[in-house]
Amino acid sequence: MKISKQTLESAFEKISRMKILVIGDLILDEYLIGSVERISPEAPVPVVWVRKESQTLGGSGNVIKNLASLGISSIVFGRIGKDKAGETLRDLVLDSNVQTGDLNLMVSDAVPTICKTRIIASNQQVCRVDREEIIPLKLQEENQILTLFQTKIKEADAVILSDYDKGYFTPRLIEGLIQICLNEKKIVTVDPQVSHFFLYKGIQIMTPNHHEAGKAISKKLITTEEIESACIQISDKLQSDAVMITRGDKGMSIYESKQKAFTHIPTVAKEVFDVTGAGDTVITTYTAFLAAGLPVPLASLVSNVSAGIVVGKLGAATVTTKEILLELQNLGFLEGI
């Protein structure tokens, strides 16, 4: 399978003018980086001498970062707490190619901003500290989101549901969001959580990894035949246009329900340093290039190559259009050069 340079450049031009609506669980990722030179006299634990601190977007925020890296602006829906972490998260979102008028954050008195602090010493994670309260939305909050979503979706070229199972998505909200997308004839894609797996009925595509897909149907997925059977079963239950199952070092498999056709794309990663955020890169690039008019197999190819780029970087990395072009060329997937 190959893609012409003209087709790719046309898609790049289209995505540069896009707005994609991202709705889901926003998380603040914090990193405390330092060194260990002694053991604490208070307990048998290392003392980390912090030399550097950083904060970045996590959860659905990583989708926003990936879109910004491609030059795409986002319309953002999510929930934060009335706290310092929430203020920081809001500023980071606005720094990620999001206009103030496109920021639709529910500020909660009862739910703190989700914050994950990773303490790193000598390039190793010593521990992670999570601050979160998983409290589902109330009926009034669901109604408020759905009313605003109905208005803002008209400006969007596509919608990504980024579910980290942190309380923002409820069954009623999921059903309402997808129905609005269908009524407005908007592309809607999902990076799922197993707890909500079969609630996303009517979407264009779901992109679980093979572990998530296996848990959803209570079966371990190892062989290509097992993956294909799972794709059909999931697609039938969701009534989705397609299902993509990412398979780690085996690449990805895509099933198109109308054509009853499978596409299997082998992995392209040369070295894997960190798989953090690779799923966000897959859903982001796939959605963007599908909205730009690429057929499902080619949009999947681009997303697979993009994931191969980010796993070769440390941390929750992102990918640029220039990197995609060069990698497609280097791997022999580009025609007309």
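Of the contacts in the protein chain with a separation of 6 or more, 70% are between residues 24 or more positions apart, a contact being heavy atoms within 4.5 Å. The model is a predicted one, in which local features need pLDDT of at least 70 and side-chain atom pairs count only at pLDDT 80 or more, while totals for chains, interfaces and linings use all residues. Residues are numbered from 1 along each chain as its sequence is written, and side-chain values use heavy atoms, with hydrogens and water left out.

The protein chain carries 10 helices and 15 strands, counted as DSSP runs (H or I of at least four residues for helices, E of at least two for strands) and numbered from the N terminus. Its radius of gyration is 20 Å, close to the 20 Å that the globule rule gives for 337 residues, so the chain is as compact as a globular protein of that length. That radius is taken over C-alpha atoms, and the rule is 2.2 Å times the number of residues to the power 0.38. Along the principal axes, the C-alpha atoms fill a box of roughly 65 × 50 × 40 Å. Buried residues make up 53% of the 337; buried here means under 20% relative accessible area, exposed over 50%, and partly exposed in between (1.4 Å probe, protein chains only).

Helix α2 (residues 60-69) is mostly covered, with eight of its 10 residues buried. Among them are Ser60, Asn62, Lys65 and Asn66, along with Val63, Ile64 and Leu67. The cover over these buried residues includes strands β2 (19-24), β3 (26-39), β4, β5 (73-81) and β9 (158-162), plus helix α8 (278-291). After α2 comes glycine 71, with a positive phi near 85°.

Strand β4 (residues 46-59) holds valine 50, which at 33% relative accessibility counts as partly exposed. Leaving aside neighbours within four places in sequence, valine 50 touches Leu32, Ile33 and Gly34. Threonine 263 sits 213 residues from valine 50 in sequence and 47 Å away in space, C-alpha to C-alpha.

What about threonine 117: is this residue buried or exposed? With a relative accessible area of 4%, threonine 117 is buried, and it belongs to strand β7 (residues 115-121). Its side chain makes a polar contact with the side chain of arginine 131 at 2.4 Å. Such a contact is a pair of N or O atoms within 3.5 Å; within protein, one must be able to donate a hydrogen and the other to accept it, and residues adjacent in sequence count only if both atoms are side-chain atoms. Beyond its neighbours within four places in sequence, threonine 117 is also in contact with residues including Glu30, Leu32, Cys127 and Val129.
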